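Please open the structure in your viewer and keep the selection panel at hand. The stops below say what to select next and what is there.

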Amino acid sequence: MTPEEFAKVFDRLRREIQKVIVGHQELLDQVLVALLAGGHVLLEGVPGLGKTLLVKTLAQALDLRYGRIQFTPDLMPADIIGTNVVMQDATGRRYFQFERGPVFTQILLADEINRATPKTQSALLEAMQEHTVTAAGAAFTLEEPFFVMATQNPIEMEGTYPLPEAQLDRFLFKLKVEFPQVPDLMEIIDRTTRPDMPQATVVASRDEVLQMMRLAREVEVATHVRAFVARVVEATHPRPGASTMARRYVRYGSSPRGAQAMILSAKVRALMAGRANVSFGDLQALAAPSLRHRLVMNFEGEAEGIDSDAIVANVLEETPELEGAKR
Amino acid sequence: MTIEPGRDLLRLVRQAAVRLTASRAVETGASAGALAMGAFVLLNIAGVAIPVSGVPLMHAIAAAAVAVVLAGVLAALLRPVPRSDSARVLDATLRLEERVSTAIEVLTSSGPRSSLSSRVVVDAERRLSAVGVAAATPLRIPRTVWWTAALTALLFVMTSWLHGITIPGTPAHRTAEVIRKEGQRLEQFARTLQSRTRTDHMPATRHLAPQIRDLGSRLQRERLARAEALARVEELSQQLAQTRREIDDRLQAPMPAPSRERVTSDQLRRQSTQRQIRQLRELLSRLQHDSPSASRDALDQLHQMTAGQEGTQPARVREQLQRAREQLRRGNMVGARDAISDAMLDLQRLESLMADSEGIQNAQQEVERSQAAIAGGGPVEGQPEARETDQTSQSPVAPGEQRPSPSQGEGTEPPQGPNEGSTPGTGRRDEKIGARTPRLDTTKTPQRVRGAQADGPVASSEIVGTGRSSSSRVQAADISPAVIARADQAMTRSRTPARYRDIVRRYFRRLAKLR
């Protein structure tokens, strides 16, 4: 696959999804970027903004298997990964057989992930990181591409279990689903209240998606661009040399996964723009979704209600693109 | 023929690197020039308060030009812009989104290349060729050049109109005063010297005296810095030394060889020469009478004159005096008179040289004193002014209480006595003079009772009363940093419910104010 073909398929995919999803162009691009970078996405937004529809439409457009798990407090890990059930053959002999859970899919929607207990949430850890599931001593490999989109509601906090840092760190992006603008809202009303609902058709095969993922990893990154990413991640930690806000409000900065997320997603963005190299602009555009969920605020940050996006913006502002240069 | 991909890109980036290096060199040179010029301006400004000599405009311009060239060349040689840096500059200025820098890295690295590497190179090459390097790296006149020009103009104003201006009360002003006074003194001395040259025949001194006078008047008139004044004084001093060497050589030449090593005072030599001239003049007037007695007297006198003056008389004079004696013995009065006249003329020439030597020596001493005074920032020891100041600083003395003059041993301290008498150094006295001082009259008052502590009951009582409101006598001490750190850690670790956060925050703000 060439970068031109990549850009063509990407554009086709975007347009197909936009037939169903109104507005949210940036969000849609970022979801596609995360998918092609081989990462997972945590969507945060109030109910009714089309999060579930977005995931469903994506699965339809890509011809990939789609599964959905509604997380509730009584959900158990076995409900996600599957369990051994006792079976009986024709001779009457009983044996255990592993019954695969809903995680065995390609696009998984983990709806309201913060409603399940941490024990259940952590059942997804292995699947998200290694793309494998281990149950009763047996390891099962998930089919590629494996893409998890989790949603959570930021307002209703009662009866929820905040995602542990280890779980959060496994998401490539945390995306905020904003309320649509008035013209978009009118378009949503128009599209969804007619007798014929728009449907997405398959525009890219599984193989094409895998080729796009492989091509994205071929994109070149110059040393000084990599150094910039390292300095940005370093500046999120409250140490000497960190950004002003990070020093004041952050308890723990981003993990190295943050840097990986920035580079991988920037590679996909570069291909989207028809480039074969990563630019500072790619990194700056994707820094907030890559890093915002990896910053742990200190007491002062929590008390002041500091948004992690503001810290990422401050880090970018205070980190020069070239080492030693002044901003 | 196939063109290797990246060749053009490398050429263009190299071209950009050369332009950037040149640009940086010009910038560094301009900065060095501005710095140099700034330093000269500061030096000139400092000259208003402290006695430092300002730099003339042309010297400053020349020095700044040298600094510009040196700094520029060094910057170009020692800090050339590398290819990778110039690629980054091209990316930034042409908004090429790191295409060129990535391509250069791909081309120059020896590591494995990805399938998109060649595409990066081709893309960067195409875009850079389309734009052109000159557009990305224009050679501009650095802003510091205008600073240099402004500083040069400022220096011109300072050297033209503000030269030599000093603030009263500052060391620079004191130095200027010293220079002016020394100028006055030199001018005065030159006038005296000139009047002496009118009476005495001193051709060299007559020639040099106006120069001394001119220097004196210039030291007064022109607002010269210390170094400048010293340079002029030094120049004159060297001229005087040169003239004196020439005169000394001429003085030593006609003398017999052994006399050169004899230590004879110049003054004594001159007096002796003057005496001989007088004697010869007298002799000539006697020989006018042409009598045998005068001839005999003249012979005796000539004998006396030549007998004891081997060291001080020039050989030529001695020969002429010998010739005069022979002529007298032969009775040739005319020949004798001629020989004596010749000897007298020679002696007069010698005396004139001696007078010149003395005059120039005096001038040299005066000029050296001035030099020392200007260099030291005030009148030197032994100088008339300094002596005058010493004398005036002493308190006036009543008649009859005049101290003995320094020549009578005032300079040395009297021998130290046994320190028991009221007047040290005058000897021992059995009785003290005068009444006892009040300090010695005081009596000692006992303040302590001595005794031993014995066993026994100790009575104590406790008084309970209301406290008075006043400030604490105990100093407020900081809370241990370790405690604060522990509290902060505890606060950071604990999760605070959203609805209590405001309350907690207010509490800690109040606490912080108290702290």
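What percentage of the 327 residues of chain A count as buried? The share is 43%. Keep in mind throughout that this is a predicted model.

**Chain A as a whole**

Select chain A. Its elements are 15 helices and eleven strands. Take the contacts in chain A between residues at least 6 apart in sequence: 75% of them join residues at least 24 apart.

Zoom in on residues 41–44 of chain A, which are strand 1. Strand 1 pairs with strand 9 of chain A in the parallel sense, over four bridges. Within this pair, look for Leu43(A): opposite this residue, in strand 9 of chain A, stands Leu175(A).

**A hairpin in chain A**

Select residues 132–135 and 138–141 of chain A, which are strand 6 and strand 7. These two strands pair in the antiparallel sense over four bridges. Val133(A) is opposite Phe140(A) in strand 7 of chain A. Strands 6 and 7 of chain A form a hairpin with two residues between them, and Ala136(A) in the turn has a positive phi of about 50°.

**Glu323(A)**

Is Glu323(A) buried or exposed? Select this residue in the segment after helix 15 (308–318) of chain A. Glu323(A) is exposed, because 11 other C-beta atoms lie within 10 Å and a residue counts as exposed with 12 or fewer. Now show Arg231(A) as well: the C-alpha atoms of Glu323(A) and Arg231(A) are separated by 8.7 Å, while the two residues are 92 residues apart along the chain.

**Where chain B touches chain A**

Show both chains. The contact takes 21 residues from each of chain B and chain A. On chain B, at least two residues each are supplied by helix 4 (99–108), helix 5 (117–131), helix 17 (481–493) and helix 18 (498–514). Helix 4 of chain B gives the largest share of that side, five residues. By class, the side of chain B that touches chain A has five nonpolar, seven polar and nine charged residues.

**A helix pair in chain B**

Finally, select residues 315–330 and 333–376 of chain B, helix 13 and helix 14. Their axes come within 8 Å and cross at roughly 165°, and the two helices are therefore roughly antiparallel to each other. The crossing of helix 13 and helix 14 of chain B is left-handed. Residues that make the contact include Val317(B), Leu321(B) and Ala324(B) of helix 13 of chain B, and Ala336(B), Ile340(B) and Ala343(B) of helix 14 of chain B. The contact of these two helices of chain B has nine nonpolar, three polar and four charged residues.

How values were computed. Residues numbered from 1 in each chain as written. Chains lettered and ligands numbered in written order. Predicted model: local features only at pLDDT ≥ 70, side-chain atom pairs only at ≥ 80, totals over all residues. Contact = placed C-beta atoms within 7 Å. Nonpolar A, V, L, I, M, F, W, Y, C, P; charged D, E, K, R; others polar. Pairing = 2+ DSSP bridges. Axes fitted to C-alpha atoms, helices over the stretch in contact; angles between N-to-C directions. Parallel < 35°, antiparallel > 145°, perpendicular 65-115°, else oblique. Left-handed = near helix turned anticlockwise from the far one by under 90°. Buried ≥ 20, exposed ≤ 12 C-beta atoms within 10 Å, placed from the backbone.
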